[in-house]
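This report covers a single protein chain.

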Amino acid sequence: MTTLLIVESPKKAKTIQGILGEDFMVVASYGHFRDLPENDLSIDTDTFQLQYQITEKGKPRINAIKAAMKKCSQVILATDLDREGEAISWHLATVLGLKSPKRMRFNEVTRSALEKAIFTSEKINVDLVNAYQARRGIDRMIGYRLSRPLSTKLSHKGLSTGRVQFAAQALLVEQERLIRSHITQQHYSVELKFLSGSQEWTARWLIPASAKLATILEGNALTNYEAPATICLDLPLAQSAAAVSHVKVVHYQRVNRNRMPPPPLITSTLQQQAAMRWGYDPDATMTAAQSLYDSGHITYHRTDEPNLSEEAIAAIRELATKLGLPLPEKPNKWPAPPRAQEAHEAIRPANVELEDVGETEQERNIYRLIRLRALQCQLAPATYDVQELLLTDDNEQFQYKATGRQLVEPGYLRFARLSGAGQSDNPDEEADDEDNLPALPVLDAGAIIAVEDSDLATHKTQPPRRYTVASLMRKLEVLGIGRPATYANIFSTLSRRGYSKKEKNYLVPTQICELIYEVIYPNFSYSFLSYTRDMETALDSIAQGQLHHVALLRETWQVLTQEEGSFALVPRPAGVAEPADVPTKECPKCGRAMRVIPGKFGKFWSCSGYAENKACSHTEKFDAATV
């Protein structure tokens, strides 16, 4: 009695086949094999049912699965744990005609996890499937209905727009406008220098709030730009603060402060760390992680949950004891971020004792990073001896603060040294001895200290930085836009369609990106942050069975219909040519606009769908006399 097990990846199928043996036949669907046709809306606008079809690439895969079914006594669907995986299982059950399909879920490709999952096979979660359908349907509505009017409005072929895609574009454009509008101003800082015996130390001037540079932004749709920290624009005031000869101790404090280890990686932090450390784009990171998961080396890499399972924590504590690493009395726990949708544990090695695995350099880097964070997260905090002095001048007009800090117990940092891991670009993670500051003398309140020297420094205000891939991902995550598992596709679209370019690792919006922003915002609801964020909440409600997906699709369609009708009245941006003199007609194959373009043997009619990811390749001979 052979059981047919269907997974998504052929690599995973090979790994599982080697584990389960001849009682199972493991085959792959190669991901999505059924989707909405590219050249049609494919949504029934009365019932709002999505009309799928098997793709050309999917047909031979389904035929192979059907042939395998004839050799097996039962079928188990074992696609990935997220909404996409649940939808693929649903598509498989539909196409294969499975009456009561068994759904198997596992978080890692190991014998124990697989055997447990087979024993506890469940049903397909229809709520997760409907959340997937709602997202797919809404994305199709926005993209299909608005991309063509957008191309016409801007006289530019092959433009596209989308709910999450536009939010990323808007963030880039608004940041660029903040940079252009920045006015440079000089400001000043003061540092006092002291000598206690042979010990040198410094204190910085605490600039009063009255000297703060105010930044006021009006009409800013998405970006909550933070003004610089309090700075002094008053040179005479700074000169007076630097001219004091003696200061009085107001307060002295000495305490031990702990720095907790960083939590284990989730999808978003994995992508951000890989971008900061090695410059990997999200797609490359997720590809490497997928390969590691399929090979049985890590747990599932699409997750929002920042905590590990009890079994994983026990294994890590056992290894830490073996390596002589410090452990806290109780396991470390972290709060889940708002709107977290995936309930399985954080990303970790399947076997934490394996130090280095992977077939490529990218895979090995990603694995080492995952292992570093998984082990560190359960270690004891680093402890610092921190001294603080608050000082004032004789007239109590100015205040100064001095800080001393020395690493007393490295805690989790000890493992970073053992593993040879490099420093993170994130100041919240993996601080090491470089955080040390000279120790301060023990001084009583009221003590008078002579100032040895002072430093009055002149600075210039800097415009906000452009986004990097990592910082834009972080911004999207904080704003609740999209989901970490979708970020790879967002950045791929921005690059592929020419909406952003990289300059010294920073993302810069292109001219067409700015033009799209100009005509879309605020003319469509989906261009607002509140809409995008609320949509994610609605999709989560569908996944939890609290909202019907058809109701959300119907509401979205009605709003789009109303807003698309008024879009024709939106003026073209300055410099965009009117397309009236460009001959067009309707494509008989798909209904898109056909335009005349030059070719090797003269002009010919070409469907605009070809520019839209080669959705339609229909062409016709051009006869100028008929136009």
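## Overall composition

A residue counts as buried when its relative accessible area is under 20%, as exposed when it is over 50%, and as partly exposed in between, using a 1.4 Å probe and protein chains only. Buried residues make up 51% of the 627 residues in the protein chain. The model is predicted: local features need pLDDT of at least 70, side-chain atom pairs count only at pLDDT 80 or more, and totals for chains, interfaces and linings use all residues. Residues are numbered from 1 along each chain as its sequence is written, and side-chain values use heavy atoms, with hydrogens and water left out.

The secondary structure comes to 17 helices and 19 strands. Helices (H or I, at least four residues) and strands (E, at least two) are DSSP runs, numbered from the N terminus. Contact means heavy atoms within 4.5 Å. Of the contacts in the protein chain with a separation of 6 or more, 72% are accounted for by residues 24 or more positions apart.

## Model confidence

The predictor's confidence in each residue is given as pLDDT, from 0 to 100. The protein chain averages a pLDDT of 88, and 90% of the residues score at least 70. Over residues 213-228 the pLDDT is below 50, and this stretch has 31 contacts in the model beyond near neighbours in sequence. The pLDDT is also below 50 over residues 420-433, where the model has 35 contacts beyond near neighbours in sequence.

## Packing of helices α5 and α16

Two packed helices are described by the angle between their axes and the distance between the axes. Axes are lines fitted to C-alpha atoms, for helices over the stretch in contact, and angles run from 0 to 180 degrees between N-to-C directions. Helix α5 (residues 126-153) packs with helix α16 (residues 529-543) at an angle of about 150 degrees, and their axes are 7 Å apart. The two helices are therefore roughly antiparallel to each other; angles under 35 degrees count as roughly parallel, over 145 as roughly antiparallel, 65 to 115 as roughly perpendicular and the rest as oblique.

On the α5 side the contact is made by D127, L128, N130, A131, A134, R135 and I138, and on the α16 side by M535, E536, L539, I542 and A543. These residues divide into eight nonpolar, one polar and three charged. In this scheme Ala, Val, Leu, Ile, Met, Phe, Trp, Tyr, Cys and Pro count as nonpolar, Asp, Glu, Lys and Arg as charged, and the others, Gly among them, as polar.

G296 is in the loop between α9 (282-294) and α10 (310-323). Its relative accessibility is 15%, so G296 counts as buried. The C-alpha atoms of G296 and K12 are separated by 7.8 Å, although the two residues are 284 apart along the chain. Not counting residues up to four places away in sequence, G296 touches T15, V109 and A350.

P264 is in the loop between β9 and α8 (267-278), and is buried with a relative accessible area of 2%. P264 and L372 are 108 residues apart in sequence and 8.6 Å apart in space, C-alpha to C-alpha. Leaving aside neighbours within four places in sequence, P264 is in contact with P306, L308, W334, A346, I347, R373 and C377.

Q253 lies in strand β9 (residues 246-259) and counts as partly exposed at 27% relative accessibility. Between Q253 and Q387 the C-alpha distance is 5.7 Å, with 134 residues of separation in sequence. Beyond neighbours within four places in sequence, Q253 is in contact with V386, Q387 and E388.

## Backbone geometry

The peptide bond joining Y521 and P522 is cis, with omega about 0 degrees. P522 is in the loop between α15 (511-520) and α16.

S155 is not a glycine but has a positive phi of about 50 degrees. S155 is in the loop between α5 and α6 (163-181) and is partly exposed, with a relative accessible area of 36%. K504, also a residue other than glycine, has a positive phi near 50 degrees. K504 is in the loop between β14 (500-503) and β15 (506-509), and is exposed with a relative accessible area of 80%.

## Cysteines

The structure holds zero disulfides, a disulfide being a pair of cysteine sulfur atoms within 2.5 Å. C607 is in no disulfide, and the nearest cysteine sulfur, that of C590, is 3.5 Å away. C607 is buried, with a relative accessible area of 2%. C513 also counts as buried, at 0% relative accessibility.
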